[in-house]
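Take a look at the pockets of this protein, and then at one pair of helices. Keep the sequence beside you as you read.

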Amino acid sequence: MSSSVVLGIESSCDETGAGLVRNGRLLGHAVASSMDEHARFGGVVPEIAARAHLHSLTPVVHRALDEAGLRTADIGAVAVTTGPGLSGALQVGLAGAKALAYALDVPLYGVHHLAGHVAADTLEHGPLPDPCMVLIVSGGHTSLLLVRDLARDPIVHLGDTVDDAAGECFDKVARAFGLPYPGGPAIDRAAREGTPDAVVFPRPLTGPRDDPYAFSFSGLKTAAARWAERHRGGVLPVADGAAALQEAVADVLTRKAVAACVRHGVGTLVVVGGVAANSRVRALAQERCGAAGITLRVPPLRLCTDNGAMIAAVGDLLVRAGAEPAPHDVSIDPSAPLEFAALHPVAALSV
């Protein structure tokens with residue numbers, strides 16, 4: 001099984017992804033996004049996302065195979081996101097993965113979406129050090145994790161967001177600033193022309209009595225929205241507001257992550273998830289890690305956002321670790337906590 005080609009399928013939100021990995025090496029991947037269909041609503045519409053996955057799944061798998069120069073018959077195992085995510089979207093991906101695994105008579109592995117983000121870095125930089133510190137920052141999740149063997153060991157949460165995630169803060173403030181959805185890239189672009197210290201925004205949960213590793217971005221979101229309201233009827237200095245917001249988010253994220261590395265004696269910080277694509281988060285993380293003597297690892301931009309390659313990477317690790325495949329009645333868990341990389345929930349039977 002160590003030489004099996006693993007197909008990974010991701011459909012937790014608005015990207016349909018397929019990737020092919022063997023022995024830690026990415027062979028090919030493809031992504032179809034329905035983001036444009038959601039943009040006019042200012043956020044992801046679950047029903048639209050599910051229908052888009054239904055139309056895109058088969059073409060995306062074929063595109064990934066074509067890029068890898070492989071055929072369907074070359075697939076030795078299938079891995080699929082079983083949670084967390086949008087229920088209907090997850091169901092489409094799981095149904096497709098089950099059909100492929102059954103037709104090819106190969107094992108199926110359920111994968112936790114966030115573990116996929118962690119594994120994405122291995123496709124660029126090789127195996128994760130044991131241990132390593134992982135900062136996951138995305139639209140729905142902000143977590144600081146202590147990771148050992150991703151395929152075998154439990155994942156230790158040092159801190160999580162208590163309200164809005166960093167990406168959610170970007171999306172909501174972008175709307176208040178009159179910027180388009182998705183907010184993260186829009187804030188990043190606008191910030192290039194702004195001055196970070198032109199506006200003073202708070203740094204939530206960074207006081208001496210606060211939880212050193214927990215995150216909170218709701219108050220920052222509110223402060224930025226109120227700042228924008230004070231300019232109603234006048235000219236809103238969007239670039240300065242975007243730069244100040246981005247600086248506040250990057251400051252909190254990197255300050256806590258580096259402090260956790262120092263406190264736990266961990267020499268490598270891995271930053272993953274959609275917000276890991278933010279230019280200021282990457283730059284400040286590099287600056288602070290360099291000053292603390294910590295190695296920073298961040299996946300390339302194409303692997304930061306949701307994709308099937310990261311799910312295939314987890315599947316590949318599970319196969320090589322000799323992990324048990326998912327049962328035939330594996331289901332989805334839209335709100336699954338991150339405890340292990342493998343996620344094999346089974347729906348309870350109604351009586």
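The lining of the largest pocket has 13 nonpolar, 15 polar and ten charged residues. Here Ala, Val, Leu, Ile, Met, Phe, Trp, Tyr, Cys and Pro count as nonpolar, Asp, Glu, Lys and Arg as charged, and the others, Gly among them, as polar. This is a predicted model: local features need pLDDT of at least 70, side-chain atom pairs count only at pLDDT 80 or more, and totals for chains, interfaces and linings use all residues. Residues are numbered from 1 along each chain as its sequence is written, and side-chain values use heavy atoms, without hydrogens and water.

The volume of the largest pocket is about 1100 Å³. (A pocket is an open set of points on a 1 Å grid over the protein atoms alone, where a 1.4 Å probe fits, with protein on both sides within 12 Å along at least five of seven lines; lining residues have an atom within 4 Å of a point.) Among its 38 lining residues, Ser138, Gly139, Gly140, Asp171 and Tyr181 are closest to the centre. Helix H6 gives the most to this lining, with six residues.

The second largest pocket holds about 280 Å³. Its lining has 13 residues, and Thr122, Pro127, Leu128, Leu317 and Arg320 lie nearest the centre.

Now turn to two helices (DSSP runs of H or I, at least four residues). H8 (residues 218–229) and H9 (residues 238–264) pack at about 170°. They are therefore roughly antiparallel (an angle over 145 degrees). Leu220, Ala224 and Trp227 of H8 make the contact (heavy atoms within 4.5 Å) with Gly241, Leu245, Ala248 and Val249 of H9. Six of these residues are nonpolar, one is polar and none is charged.

Note on methods: Axes are lines fitted to C-alpha atoms, for helices over the stretch in contact, and angles run from 0 to 180 degrees between N-to-C directions. Angles under 35 degrees count as roughly parallel, over 145 as roughly antiparallel, 65 to 115 as roughly perpendicular and the rest as oblique. Grid points are joined across faces, edges and corners, and a volume is the space filled by probe spheres set on the points.
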